[in-house]
Amino acid sequence: MFKKLLTMALILAVICIPSTFAYAGGGSTDSNSAIKVESQKIEKDVQINVNSENGIQTEGDVILITIKGKKGITVTLEVYLNTNIKMKENADTIESILESVNVDDFELILSEDLELNDNGVYPKEIKLKKGLYKIVATKKGDSGYHRDVRYVLCKGIDDATKTLDDAKNSIVSPVIDAIKKLINSK
Amino acid sequence: MKNIERIKSLLLAFLVFTTIYLVQQLWVEFPESLFSSFAFGQESNEIKESEISDFILPEKYVINFGGNSRAIMYFDDGYQLWNKGKEILKTVFQSKNIKLEEMTNSDFEEARKKRAIGFYFSNDMHTFIFGKMLDLDISPSIIDSIKQIDSIFIYLDSPLDNFIVLSNGTKYFKISGVSFDYKSVKDEIDAISRSDFTRVYTITDLLATSDNNNTYIPLTVNFNLSQIYVRKEIDTLSEIEENNIATLFFNRDLAYIRRIEESDGSVIYVDSQRTLKLYENGTLEFFRNIESNGENNNLYLSLKNAIDFGNTHMGWPKDTYLYKVDEIEFENNKGYKFTFKYKLDGLPVVSDEEQVLNSIEIEMFNNQVKSYRRHIWEAIGKVTLKSSYKSMLSAYDILDRNYSFMKAKFIEKNNIDIDLTSAEEIDEKFKLGINNAYLAYYDNSTEGNQVLKPVWIIEVAGLSYIFDAYDGYVENGGNPR
């Protein structure tokens with residue numbers, strides 16, 4: 001009788017625990033893979049801000065790119081996407097990917113010439129697809145040529161799901177093992 | 001045979017439960033409105049207290065789906081977020097085992113990335129009164145820590161680690177250690193995440209400030225609001241209606257009341273103790289002498305009595321909320337002034353308060369009503385939006401179009417010496433000064449209109465601006481908040 005009750009409790013735990021973790025996932029990224037995106041900034045005349053904490057996002061996310069500069073300057077915003085990247089398991093940092101990336105694989109997906117208004121900023125939303133994004137803001141003028149570059153890595157939903165599954169299995173496995181032992185000992 | 005008896009018993013039980021359900025529908029739900037139309041039953045404290053809870057409504061809701069993905073809602077839109085949030089708050093505040101701790105700014109910054117819903121109120125609310133409005137007593141330890149509340153955040157990241165945060169705009173207090181069921185709120189948030197919601201960003205993200213400004217504003221809006229046709233709630237052309245109102249306020253035969261018609265179209269009713277004035281624009285003012293009853297001013301009792309007075313004196317419009325409480329003084333007596341505002345079609349009705357009242361104001365001394373002022377619009381229809389009509393502007397669009405104008409006002413108000421301060425520094429200060437943006441319906445009846453138009457209210461360092469939500473023009477330029 002006691003064994004039956006214990007088995008029922010364990011089965012219930014198996015049902016409940018995965019749903020808890022699926023919810024806790026919430027689209028956030030693994031803190032171990034968190035990295036700081038280092039800007040390749042040359043001058044502060046033009047600057048790109050991206051509202052992505054570690055530069056790693058998931059497919060379908062919307063990021064906000066804000067170009068900042070002096071009022072009235074003209075800036076060219078270009079967004080490139082490289083879909084030909086290899087995601088290494090547990091080592092997907094932008095730096096590690098950039099080392100192996102082929103420059104020719106970046107495809108221009110957006111190009112805008114814009115003039116910064118009185119507030120000195122230009123915000124733009126972008127809905128992400130899987131791949132590595134290169135965001136370039138270039139200011140051309142009498143005072144010279146200034147450029148800021150940012151990278152954003154967008155993991156596919158399949159990658160994110162795999163990470164989540166791994167996390168789930170690592171916690172659920174001992175419970176399944178315990179159930180198996182109980183059944184076998186019957 | 002035994003089976004037949006069992007089926008009969010089940011049938012009988014089913015009929016009994018059906019009867020109980022139908023009787024409950026008939027006697028509990030239906031007659032509630034019926035009873036309220038009669039005078040009896042109003043002495044019950046339960047009815048009065050439950051009514052008080054109707055007077056808190058958030059100004060806006062910010063929903064964080066995790067990370068930096070957030071939605072903003074200026075009206076509930078059928079999700080019942082506030083009603084469901086209130087149930088969670090009641091569970092938390094009634095729990096005996098809470099853990100209360102002040103959060104550092106970095107703790108709160110960290111928590112801002114978690115899955116949560118934030119309720120923002122239009123003004124600071126006394127924590128004690130806030131509890132009373134939830135029909136409970138908030139523990140003294142919470143009241144001592146945070147005397148006023150302007151926003152509440154319910155965190156839903158993990159069922160094992162759920163908590164709430166109370167804020168007065170500058171400090172944040174975390175209440176944890178209480179297990180609460182947030183499934184109903186989570187389901188609504190999931191539904192919103194699947195909808196075409198309005199995304200919102202912080203000023204820091206949108207305007208690229210160096211320091212943090214976590215005021216949320218949308219870059220784009222994906223809905224259009226109509227103008228609303230309105231009419232005065234008091235028909236000042238009808239003497240019969242005016243007399244009916246006077247009877248309500250004086251509660252005696254009008255033969256004993258003097259009626260004076262003024263040249264500006266207003267009408268005054270007066271007796272030895274009381275004065276009622278009905279303005280041509282539909283504003284009502286009532287004053288009376290109050291007797292010294294030996295009672296000390298009590299904030300909760302004053303509020304309760306003010307609400308009761310409103311109940312019996314023309315009632316409360318739908319979606320009325322307590323906007324602010326001021327401490328006042330008259331002939332060395334201290335009292336409270338309660339300002340109630342109301343929403344039409346989900347949004348607050350605003351106006352230039354120096355020119356036209358758009359609220360219900362009640363002054364209380366010794367827990368009695370000293371004065372009562374009200375001006376309310378009744379919605380009678382909406383202006384149909386044509387498909388060819390331009391889209392509504394976002395709060396960002398408004399800021400972008402009016403940036404120089406608002407910055408100039410900011411410089412003037414804060415006495416900033418432009419020769420000694422760099423342009424970048426002024427920009428940064430101005431951007432950090434933006435502390436609120438919300439949608440409302442604007443009453444510009446002073447221009448003879450009886451149409452309320454959707455507007456953006458943007459508040460910067462103590463000044464409040466009203467902008468037309470479609471063309472971005474300034475309706476009202478920088479009145480003190």
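Modeller: The contact takes 22 residues from chain B and 20 residues from chain A, where two residues are in contact if their C-beta atoms, placed from the backbone, lie within 7 Å. This is a predicted model, in which local features need pLDDT of at least 70 and side-chain atom pairs count only at pLDDT 80 or more, while totals for chains, interfaces and linings use all residues. Residues are numbered from 1 along each chain as its sequence is written, and chains are lettered from A and ligands numbered from 1 in the order in which they are written.

Biologist: What makes β4 and β5 of chain A a pair?

Modeller: Two strands pair if DSSP finds at least two bridges between them, and β4(A) (residues 74-82) and β5(A) have eight, in the antiparallel sense, so they meet the definition. One of the bridge partners is Leu114(A) in β5(A), which faces Val75(A) in this pairing.

Biologist: Why is β5 of chain A called an edge strand?

Modeller: In the open sheet, with the order β2-β8-β7-β4-β5 (chain A) and mixed pairing, the edge strands β2 (56-58) and β5 (107-115) of chain A each pair on one side only.

Key: Helix = DSSP H or I, 4+ residues; strand = E, 2+ residues; numbered from the N terminus.
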